[in-house]
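Visitor: Before we look, I would like to go through the labels used for this model and ask what stands behind each one.
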Amino acid sequence: MNYSRESVSSRLKNTKGTGKKFTSRIVLHALKILFLALVLAVVIAGGFTLGTVKGIIDMSPEPETLNVTPLGIASSIYDAEGNLTETLIQSGSNRDPVAYSQFPDNLINAFVAIEDERFWTHEGVDIRGMLRSMASLLLSGHLNGGASTITQQLIKNNFFGGGRENGWGARFIRKFQEQYLAMKLDQEASKEDILSSYLNSINLGQNCLGVQVASQRYFRKDVSELTLSECACIAGITQNPYHYNPITFPEENAERRLSVLNHMLDQEYISQAEYDEAIADTEALYVRIQENNLIIKENAVPYTYFTDAVITSVLNDLQEDLGYSASDAFTLLYSGGLNIYTTQVPEYQEILDEEVNNPANYPADAFQYSFTYQVNATLADGRTVTYTHNNVKRTLDLGYLLFDSKEAVDETVERFKAEVFGEKDVIADEKITYIIQPQLSAILIDQNSGHVLAVTGGRGDKTTSRSLNRATNTYRSPGSTFKPISTFAPAIDAKGLTLSTVVEDLPFTYNGTTIRNWWSSDLWMGNCNARQALIYSMNVVSARVFLNTVGIETGFEYLEKFGISSLVRSKEVGGKIYTDLGPALSIGALTDGANLLEVTGAYATIANKGVYQEPIFYTHVTDHDGNLLLVKEQETHRVIKESTAYLLTSAMADSMKEMPTLKGTYISATSSSAALNNMPAAGKSGTSTDSAGKSRDFWFIGYTRYFTMGVWSGYDDGGISLTGNVTEEAYHKNVWREVMNRIHEGLPSIGFVMPEDVTTARICSLSGKLAVPGVCDHDPNCQVYSEFFTKDTVPTESCDIHVMVKMCRDTNCEATPYCTNLYLKMYYNMPVPEVITLDSEYIYKAGIAPALCTRHTHATSPTPPVIYDENGLPVQYDENGNIIPRDVPPPETTADPE
């Protein structure tokens with residue numbers, strides 16, 4: 001082999017050439033591999049992107065299921081005459097959709113100009129707008145104008161809940177679906193329909209959704225009446241409803257409004273003259289907005305007591321009848337666009353409100369005040385505290401929060417603040433609400449239908465919605481208003497009692513409980529009948545009937561049939577067992593009390609001839625489109641016979657008349673001050689008392705052939721007695737009388753209809769049996785009158801209590817066979833009671849009361865004795881030895897048989 005320099009050099013050169021070719025081949029292969037990898041990556045990325053896009057589109061709702069109709073519409077409440085009385089508005093539901101034709105052109109153009117200038121030409125997504133926004137983001141680092149079209153905003157707000165996603169990924173998916181659906185919607189719906197849905201749902205501040213509500217809120221006018229200047233103002237709110245609110249941030253809104261007008265001018269929606277006119281209106285515009293805001297605030301009132309009751313009833317029925325949860329029922333009621341048709345009669349409601357708050361119906365001392373109070377403060381050490389009226393009561397060691405004036409309330413609050421705050425403590429805010437006392441509630445019912453026609457839950461101004469409704473939510477002992485329904489209704493209906501049945505008014509104790517009358521404890525009436533027990537509200541007689549005739553369980557069951565739902569069979573509180581199954585049930589002394597609505601409903605049952613109709617506040621509910629959603633299911637059943645209802649009515653009608661006092665005492669009919677001017681009525685009063693016998697609650701429930709009305713009065717703090725704080729104890733009857741007189745004006749005066757199975761008989765009130773002419777009617781302590789009976793309960797026996805005793809006129813003692821100067825004196829043939837009663841002095845005890853004459857003990861004259869009656873006239877006898885009556889008065893009636 002040749003190893004010369006040339007040979008070696010030549011081989012080396014050849015070797016270098018070969019290396020260059022090899023290197024080139026490697027680079028070439030690498031580039032090919034890289035290119036293939038890039039192609040593969042692009043293919044994979046493209047496939048992934050296409051798959052992602054397809055997946056997002058597949059996740060999107062079907063276009064045909066897309067509903068961009070504004071959700072969350074305020075519900076409306078209507079009275080019995082079809083008048084709109086209230087609008088239930090929740091945040092997110094204050095909208096009032098109107099037709100596209102009602103939008104003025106300037107309003108449409110203002111929104112399009114500022115929000116989506118190519119709205120009329122693009123296909124749901126504005127590609128030019130998106131490119132402009134992207135370019136702005138790349139060049140300046142921030143967006144210059146939004147890329148969302150009106151169609152996209154509509155879908156975001158009404159279909160995607162406003163687009164409140166967490167994270168960029170979720171927002172990207174939503175944005176892509178939003179654009180996809182916007183294009184689909186643009187194909188399916190007209191531009192006018194899209195714009196109409198948008199303008200009826202857009203958030204415009206102050207809880208205004210849609211331009212109609214905003215127009216009313218800011219300018220107190222219909223949207224169709226808006227000027228160009230006002231249209232630009234409303235359109236300017238859209239981008240940021242809080243920051244551009246024209247009430248709270250007028251300067252910011254004015255700047256945005258100017259931008260709207262500039263866009264409208266640039267896009268030739270308005271002329272220069274129109275532009276100049278709108279600009280000239282700028283200052284006056286914001287003055288009008290502030291003035292309207294003040295008017296709206298002054299006129300803003302909380303829901304009425306009737307509306308509160310309607311809300312409670314509908315919420316309950318949505319859950320019980322339709323199966324909604326509590327939260328879903330609330331959402332549907334306040335933002336479901338419901339139409340609720342109530343039983344309220346506006347004329348009667350106005351009368352009720354006026355008389356409940358009429359000072360003329362109350363004594364001068366019935367204008368006291370309690371209060372609620374809350375103060376928030378930051379103390380010097382940085383702690384924040386909240387104090388209420390309860391802190392005031394404890395700190396100042398006040399027994400009750402009851403004051404003679406508002407000034408006295410203010411002085412008390414100042415004393416409290418001086419006690420708890422130092423100089424460096426800062427009070428952030430405080431609020432005092434004055435509550436007039438004693439309180440009073442009233443309710444009016446049509447007994448024929450059970451419809452509640454009017455209700456007021458308290459005296460004074462109502463300051464908050466859904467506040468305490470004392471007609472439906474205050475539970476107090478109803479006192480003697482319970483006697484007709486707990487005792488005499490079941491006794492007459494099922495136990496054979498009649499209104500003439502006699503029961504003794506004597507001391508009575510049952511299982512350690514002593515029942516007392518409402519008058520002096522040492523005044524006992526003796527024999528009294530059921531009618532008298534109702535007229536004069538006799539506690540002891542009622543309790544005897546309840547326990548000895550009705551039975552506790554039967555009385556309890558009848559009360560439940562009458563609709564009283566608060567009765568307690570047994571419950572344990574603090575280790576102590578409480579029950580209403582006792583004698584106090586007859587006079588309404590209840591564990592948990594009863595509310596005015598239910599007690600009035602029970603009396604409406606009597607007024608409705610014994611048929612219970614559940615009191616209702618609404619009849620039916622429809623959805624926003626008028627479809628029937630809910631019909632009020634009303635409980636109806638017979639509680640007592642028609643004859644029983646009439647007998648109770650006749651007795652309670654007497655309690656409202658100027659009746660003679662009970663057996664010549666000071667005890668008078670308890671309800672005569674409630675008598676109406678020219679309309680027969682029946683009713684019963686009731687009073688609950690504390691352990692000291694002081695009155696705490698006043699009740700009166702009464703009815704006519706037309707209406708039933710109930711009134712309750714007392715202090716919100718049930719521990720405060722009315723006795724000693726209020727001089728007049730009949731003011732609640734004043735309210736009842738004045739309301740009922742007014743609502744009956746112009747109505748025919750009609751009485752209560754006597755059923756066919758009821759008749760009358762002339763009876764003696766002392767015995768409850770048929771009166772003996774010339775005997776019973778000679779007793780000044782006895783009433784002889786025509787009583788009502790069912791035909792199968794008319795007494796068949798005559799009075800056996802009254803006896804006429806021959807008296808010696810010379811000695812005023814019982815005559816012997818030898819006394820000749822005689823007269824007759826009335827005595828009672830009855831057992832001697834354990835205590836002195838008004839009957840005691842007339843009870844005949846042979847030889848003792850009266851004493852036997854001792855002067856004439858043997859015959860002194862053959863002349864037969866002549867007996868004289870109390871009028872000094874000779875007594876005449878028939879062939880059987882009975883006294884011949886001189887005059888028998890005609891029958892009487894106690895209630896209108898027509």
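Guide: Contact, as the word is used here, means heavy atoms within 4.5 Å. The model is predicted, and in it Tyr-348, Ile-351, Leu-352, Glu-354, Glu-355 and Val-356 of helix H14 meet Val-735, Glu-738, Val-739, Arg-742 and Ile-743 of helix H23. By class, this contact of H14 with H23 has 7 nonpolar, no polar and 4 charged residues.

Visitor: Why are H14 and H23 called roughly antiparallel to each other?

Guide: The axes of H14 (residues 346-356) and H23 (residues 731-743) come within 9 Å and cross at roughly 150°. Angles over 145 degrees count as roughly antiparallel, and H14 and H23 are therefore described in that way. As for handedness, the crossing in which H14 passes H23 is right-handed.

Visitor: What makes helix H7 largely enclosed by the rest of the structure?

Guide: Buried means under 20% relative accessible area, and 8 of the 9 residues of H7 (residues 211-219) are buried, so the helix is largely enclosed. Among the buried residues of H7 are Gln-212, Arg-217 and Phe-219. Just after H7, Arg-220 takes a positive phi of about 50°.

Visitor: How do you know that strands S4 and S5 pair, and which way do they run?

Guide: Two strands pair if there are at least two bridges between them, and 5 bridges join S4 (residues 368-378) to S5, the two running antiparallel. One of the bridge partners is Thr-386 in S5, which faces Asn-376 in this pairing.

Visitor: What is the order of the strands in the open sheet?

Guide: The order is S5-S4-S6, with antiparallel pairing. Strands S5 (384-388) and S6 (426-437) stand at the edges with a single partner strand each, so one side of each is left without a neighbour in the sheet.

Notes
Residues numbered from 1 in each chain as written. Predicted model: local features only at pLDDT ≥ 70, side-chain atom pairs only at ≥ 80, totals over all residues. Heavy atoms only, no water. Axes fitted to C-alpha atoms, helices over the stretch in contact; angles between N-to-C directions. Helix = DSSP H or I, 4+ residues; strand = E, 2+ residues; numbered from the N terminus. Parallel < 35°, antiparallel > 145°, perpendicular 65-115°, else oblique. Left-handed = near helix turned anticlockwise from the far one by under 90°. Nonpolar A, V, L, I, M, F, W, Y, C, P; charged D, E, K, R; others polar. Buried < 20%, exposed > 50% of the residue type's maximum accessible area, 1.4 Å probe, protein only.
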